[in-house]
Amino acid sequence: AIVGNTKYVCEAGFKAAPQNNALSRNEINRLIESKEWINLARATLELVFQIDSQSHFTLRGYRGIEFQARPKSGPGAENVRMTLSMIETAKGRVTVVCGTTRAAFRSAVKTFRAIRSGVILPE
């Protein structure tokens, strides 16, 4: 079920990060797994979301982090559950956000991860 003010269950975005250009894939992977990076990402997201869990994943050789979260405010926020996935690449950050109702979330997570696995990362 689609929730919020969007027409889609999942959306992907990209933000260029020229500072990543000089880093190897291994350096980028170590960065996204560092406690400092995770704490900064989490603190930023917690301004808007209640984080329920976090886990790492690999997509095309890059490590990423997935947060499962609930929005803190907005129409029907108490009934929304989301996955927020971030992957750093040599070109920048790719973010994939998927959301649905609380009742459908548990069964939708596998589908959300399958959608994320289809994202083509910038090289």
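How many of the ten residues of β3 are buried? Eight of them are, so β3 is largely enclosed by the rest of the structure. The model discussed here is predicted. Its strands form an open sheet of five, in the order β1-β5-β4-β3-β2, with antiparallel pairing.

- On average, neighbouring strands are turned by 20° against each other, with direction ignored.
- In a regular strand, side chains alternate between the two faces of the sheet.

**How the strands pair**

- Ten bridges link β2 and β3, which pair in the antiparallel sense. One of the bridge partners is F67 in β3, which pairs with Q54.
- β2 and β3 form a hairpin, with two residues between them. R60, in the turn, has a positive phi of about 55°.
- β3 and β4 run antiparallel and are joined by six bridges. Across this pairing, A69 stands opposite M82 in β4, and I65 has M86 in β4 as its bridge partner.
- β4 (residues 80-88) pairs with β5 (residues 92-101) in the antiparallel sense, over nine bridges. Here I87 stands opposite V94 in β5.
- A hairpin of three residues leads from β4 to β5.

**Strand β4 and its two faces**

- β4 is mostly covered, with nine of its nine residues buried.
- Both faces of this strand are covered.

- Two packed helices are described by the angle between their axes and the distance between the axes.
- For α1 and α2 the angle is about 55°, and the axes are 5 Å apart. The two helices are therefore oblique to each other.
- Their contact is made by L31, I32 and E33 of α1, together with K35, W37 and I38 of α2.

**Nonpolar cores**

- The largest nonpolar core has 16 residues. Within it, L59, Y62, I87, V94, F112, V119 and L121 touch the most other members.
- The elements that give two or more residues to this core are β2, β5 and α3 (102-117). Of these, α3 gives the most, with four residues.
- Another core, of 15 residues, lies apart from the largest one. Among its members are V3, W37, V80 and M86.
- Leaving aside residues up to four places away in sequence, I87 touches I32, F57, L59, Y62, R63, G64, G92, R93, V94 and L121.

**The disulfide**

- A disulfide is a covalent bond between the sulfur atoms of two cysteines.
- Which residues does the disulfide join? C10 is joined to C98, with an S to S distance of 2.0 Å.
- C10 lies in strand β1 and C98 in strand β5, so the pair ties together parts that are 88 residues apart in sequence.
- The torsion about the S-S bond of C10 and C98 is about 115°, so this disulfide is right-handed.
- Both cysteines, C10 and C98, are buried.

How values were computed
Residues numbered from 1 in each chain as written. Predicted model: local features only at pLDDT ≥ 70, side-chain atom pairs only at ≥ 80, totals over all residues. Heavy atoms only, no water. Pairing = 2+ DSSP bridges. Axes fitted to C-alpha atoms, helices over the stretch in contact; angles between N-to-C directions. Core = buried A, V, L, I, M, F, W, Y, C linked by side-chain atoms within 4.5 Å. Buried < 20%, exposed > 50% of the residue type's maximum accessible area, 1.4 Å probe, protein only. Contact = heavy atoms within 4.5 Å. Disulfide = S-S within 2.5 Å. Parallel < 35°, antiparallel > 145°, perpendicular 65-115°, else oblique.
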